[in-house]
Amino acid sequence: MSTQSTPATRLPVGRGLLYLIITGAAWGTAGAAASLVYRASDLGAFGLSFWRCALGLVLLLAGRGLRPPVRPAGGERLRRKAVRALATGVGLAVFQTAYFAAVRSTGLAVATVVTLGAGPVLIALGARLLLGERLGAGGVLAVGGALAGLGVLTLGGSAATVRPTGVLLALASAAGYGVMTLLTRWWGRAGGAGASGTTVGAFAVTTLCLFPFALHEGLLPHTAHPAWLLVLLVYVAAVPTALAYALYFAGAAVVRSATVSVIMLLEPVTAAVLAVALLGERLTATTAAGTLLMLGSVAGLAVSEARQARGARAAGRRGPVPV
């Protein structure tokens, strides 16, 4: 039996773009929530990441339990799902763990710029070489504008210190993110990507990968405000984790990989807005300029992706186009 997606079941590109925009914004709230967690307790980065994934996994499993039962998959399909979950989960674990280590080594600003800046470049190259996806001149311009905006937003006015070890860790984080994105797109193009199953399996693998690091750092936090800490942890697990990653895997399966990576740069934009609005940080000219530059690049690339998808659907209705 063929596993190719049909037009009736394949997620429309426009909806995939919307899912990714929501994901980027939701991921951006995780930083502000993490800052509040650190203020309210002594929970470390690995402990927070572990509880984020573990509680997110519980919520995902609870959500699946509310759905109608599905027919059990055959042995070959189960094997493919296990391979997908393992590869995606390891990529997610490397992405998160290496990023936190890079922040500790070289600081937040440099780690963020290298990780989120190298990600779109690695993904664009990988998508061109492995998936045959062409970004086009407009796409290259949008990626360049987004990376310039990221640099202005994150490094503008800061006295950042660049340490080689931290840069290498940030590049490892970007590579993990790139592998996760490219694999999701590859499986989506092959049909039957199973975003829900991929998300649950990946989170199970990531939780297991993070457990020893969190155990070494300290799993159980000390806090004078346990109820507030619990609210924060549930939020981090529910919105920027369970919801956001479910939307991410669904959207990344139908949208070009380079476009996905640029849209995800909405994360630092959202984080910067929340830092000013909720955490009392000062709005500077560089923050505003970087935010506007990144938002413009993301919007331009999203419009281009949607227009290309409409053109492809129209060409499909007309039949093969002579070349």
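A: Start with exposure: a residue is buried under 20% relative accessible area, exposed over 50%, and partly exposed in between (1.4 Å probe, protein chains only). L147 has 23% relative accessibility and therefore counts as partly exposed. This is a predicted model, in which local features need pLDDT of at least 70, side-chain atom pairs count only at pLDDT 80 or more, and totals for chains, interfaces and linings use all residues. Residues are numbered from 1 along each chain as its sequence is written, and side-chain values use heavy atoms, with hydrogens and water left out.

Q: In which element is L147 found, and which residues does L147 touch?
A: Helices are DSSP runs of H or I with at least four residues, strands are runs of E with at least two, and both are numbered from the N terminus. L147 is found in helix α5, residues 136–155. Contact means heavy atoms within 4.5 Å. Not counting residues up to four places away in sequence, L147 touches L116, G117, P120 and V121. A distance can also be taken from C-alpha to C-alpha: L147 and G119 are 10.0 Å apart in space and 28 residues apart in sequence.

Q: How many helices and strands does the protein have?
A: The count is 11 helices and 0 strands. Read from the N terminus, the order of elements is α-α-α-α-α-α-α-α-α-α-α.

Q: What can be said of the protein as a whole?
A: Of its 323 residues, 47% count as buried. Accessible areas come from the Shrake-Rupley method with a 1.4 Å probe, and for residues only the protein chains shown count as cover. The accessible surface of the protein is about 15,800 Å², and 70% of this belongs to carbon and sulfur atoms. Contacts can be sorted by separation in sequence: among those between residues at least 6 apart, 91% join residues at least 24 apart.

Q: Where does T23 lie, and is T23 buried or exposed?
A: T23 lies in helix α1, which spans residues 13–40. T23 counts as buried because its relative accessibility is 0%. Apart from neighbours within four places in sequence, T23 is in contact with A244, L247, Y248 and M264.

Q: How do I read the packing of α1 against α8?
A: Axes are lines fitted to C-alpha atoms, for helices over the stretch in contact, and angles between N-to-C directions run from 0 to 180 degrees. Helix α8 covers residues 226–252, and its axis is 8 Å from that of α1 at an angle of about 155°. Angles under 35 degrees count as roughly parallel, over 145 as roughly antiparallel, 65 to 115 as roughly perpendicular and the rest as oblique. α1 and α8 are therefore roughly antiparallel to each other.

Q: What is the hand of the crossing of α1 and α8?
A: A crossing is left-handed if the near helix is turned anticlockwise from the far one by less than a right angle, and right-handed if clockwise. α1 and α8 cross in the left-handed sense. The residues of this contact divide into 23 nonpolar, 4 polar and no charged. Here Ala, Val, Leu, Ile, Met, Phe, Trp, Tyr, Cys and Pro count as nonpolar, Asp, Glu, Lys and Arg as charged, and the others, Gly among them, as polar.

Q: How does α1 pack with α10?
A: Helix α10 is residues 266–277; the axes of α1 and α10 are 7 Å apart, at an angle of about 45°. The two helices, α1 and α10, are therefore oblique to each other. The crossing of α1 with α10 is right-handed. On the α1 side the contact is made by I21, G24, A25, W27, G28, T29 and A32, and on the α10 side by L266, E267, T270, A271 and L274. These residues of the α1 and α10 contact divide into 7 nonpolar, 4 polar and 1 charged.

Q: Which residues are in contact with T241?
A: T241 has its place in helix α8 and is buried, with a relative accessible area of 1%. Leaving aside neighbours within four places in sequence, its contacts are R52, G56, F203, V236 and A246.
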